[in-house]
Amino acid sequence: MLKIENLQVKLEEEDKQILKGLSLTVPSGEVHAIMGPNGSGKSTMSYVLSGKGGYEVTGGSATLDGVDLLAMEPEERAAAGLFLAFQYPVEIPGVGNMTFLRTAVNSQRKSRGEDEMSAAEFLKVIRAKAKSLKIDAEMLKRPVNVGFSGGEKKRNEILQMAMLEPKMCVLDETDSGLDVDAMKLVAEGVNALRDGKRSFLVITHYQRLLDHIKPDVVHIMADGRIIKSGGPELALEVENNGYADLLAEVA
Amino acid sequence: MAVSKAKSAAPDARLAAIISPVGGKWASEARKSALTRLHDMGLPTRRDEYWKFTRPDELTKADATPATLLETDEKPVFCDIDRLRLVFVDGVFDPDISDQMAMEHVEIEPLANAAEKDIHWARDIYGVLENSGQSPVNRPLAALNTATATQGMVIRVTGKAPRPICLHYVRTSETADAVVHHIVKVEAGGDVTLLENGPAAARINKVLEVDIADGGAFHHVRTQGRDHERRAAAHIFARLGTESSFKSFSLTVNGALTRNECVIEILGDNAHATIAGAAVGDGKTHPFHQDDTVFITHDAVNCESRQVFKKVLRNGATGVFQGKILVKPGAQKTDGYQISQGLMLDDDSQFLAKPELEIYADDVACSHGSTVGAIDADALFYLMSRGIPRAQATDLLVLSFLAAALEEIENEEIRKDIFGRLEAWIERHRN
């Protein structure tokens, strides 16, 4: 279970408060969606949870199954079961996708005191998972995200998620830049990982992704906090009316 | 050329001490004329523009500074590659521990033998390419080499060599001051790979002259490492004929002073030249200074040249790149590419770059770029967010940075060997 309580975050470089008392709980096995206007702090929340530099937490807490996320290094958060699917996956020339993934999987296993995966075993597992995401062998050999199309990059994120088997997946605008078919493929990949225990926090601007990944709860975020939570119908309301009414309600 | 009195006075002691070895007619003449041009030029000093970023003192002083031998259990590079191995101990060829100098399509002979003969094909190359490379910039250390060298290999390639030739250097002395001069003549249609590895001497002055005839191909991969206190000046002079190909890659690991000069003259149409290098230096226990100085002259139509240099520096290490592309009048359709990049792993190191283009033809595409930077924070966070610890993630990004230079090595087996060495070095030098 991910539990964020009264989280307050400012930029390290300038005196600008981004998150202003964000509270949110995602029980295990559930899918929650976060929607909200540009600049409301959605991406900042995902970065702060996963430990990116440049932010200062000025108050509040974030825990995963009771473990304080904010006290850990990014790689420790990953090993603890947190995964962030990036809005803009980073290209890493000269490092093979396969090498990268195997290093990641084995780093996490090592830090949890588990045995490392052998090359043969890893190959078997990744081939099966890549196939369902329509990622071919060539894409696995290529350097990480280099020369990948927008859709390929996002599918590669989902493949990483499938290989790392996290407890808590945060998807930051995974649907941005995807055509309908690519979005379906990504959604299928996510749905395949829903096992009743794994939780998801899906950040999106569009209701359309939520047609494919059905959320249990939808949160609306504005100006650094959650202003309203509800069922899937809340996403439809946003799709039809925009945020103006919701913002007015709170004001 | 005009030489000021002050300049030639400084390393006078060294020059006065030089006595050219006696050999056969052609060799004596070549050495004598090299000595004359050396006296005309004088040895380089810190005031020379060409030595602005690298102090030549250690290379020009009378006696070499002793360098301790490095103990290592690591197997030598290339040891798993099927190659013809020629061993130099403290800069002296040792036939007893070398392979038989016989291979299909290749003639190999020690320079000492060739120099004794009155007539030899080497006459048309030995010191000739070096002399040609003395303009427009002087390279006195190369002239010094031609004037004094008795050690080296003379190699002629008439067809496709079945396996690489490896010049394997071994050090046993802490004071050896070696001068080695190799010649490779690739005849029309010839194709050969030359490997070089191992610590050569406390101080080494090395020249490699490569003459590639029409349609010939020359591949060169060398590693410079395993001796932290090494002082080295290495020159490559290459002359390229029509549709010929020259590809050279250097890996420099550690070393107090390494100056690699490469002078390439592209004289035949449709020829290709690549010169690439990866250098990794950590100044923590020993000083590190590495300098790549390249001069490529395009004097033919529709030729391509590539320069790719990457340097990873930390703890006060210094990397230098001076690279010039000269496109002569009439050298149309020239495609010249040059990139030099420094990756700083801390705030104490420096990368000094001087990229130059000089173009006298109007239908050419030449580009040059030079960057210096730190590890990319976004990339580092991306790797760490997948569970890879900071140190290991940094290693991956260092390899990522070097990859573009390594990709210039054509032979996959050799490339993997070099990659493995780099991986091990990077791991050993984690902060």
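In which sense do strand β18 and β20 of chain B pair, and over how many bridges? They pair in the parallel sense, over nine bridges, with β18 covering residues 335-344.

## Before we start

This is a predicted model, where local features need pLDDT of at least 70, side-chain atom pairs count only at pLDDT 80 or more, and totals for chains, interfaces and linings use all residues. Residues are numbered from 1 along each chain as its sequence is written, chains are lettered from A and ligands numbered from 1 in the order in which they are written, and side-chain values use heavy atoms, with hydrogens and water left out.

## The sheet in chain B

Strands of a sheet pair through backbone hydrogen bonds, either parallel or antiparallel. In chain B, 10 strands make an open sheet with mixed pairing, in the order β2-β1-β6-β8-β10-β12-β14-β16-β18-β20. Strands here are DSSP runs (E, at least two residues), as helices are (H or I, at least four), numbered from the N terminus; two strands pair if DSSP finds at least two bridges between them.

The edge strands of chain B are β2 (92-93) and β20 (365-373), each pairing on one side only. For one bridge in β20(B), look at B:T371, the partner of B:Q341.

## A helix across the strands

Helix α9 of chain B (residues 390-406) lies across β12 (245-253), β14 (272-282), β16 (304-314) and β18 of that chain, and runs at about 155° to β16(B). Such angles run from 0 to 180 degrees between N-to-C directions, with axes fitted to C-alpha atoms, for helices over the stretch in contact.

## Where chains A and B meet

The contact (heavy atoms within 4.5 Å) takes 17 residues from chain B and 28 residues from chain A. Together the chains bury about 1900 Å², 68% of it on carbon and sulfur atoms; this is the accessible area (1.4 Å probe) lost on putting the two parts together, summed over both. In chain B, B:F381, B:Y382 and B:R386 lose the most area to chain A, together 43% of what that side buries.

The count of salt bridges between chain B and chain A is three, each a side-chain nitrogen of Lys or Arg within 4 Å of a carboxyl oxygen of Asp or Glu. In one of them, A:E157 and B:R386 meet with N and O 2.6 Å apart. Because A:E157 lies in helix α6 (residues 150-164) of chain A and B:R386 in the loop between α8 and α9 of chain B, the pair joins two chains.
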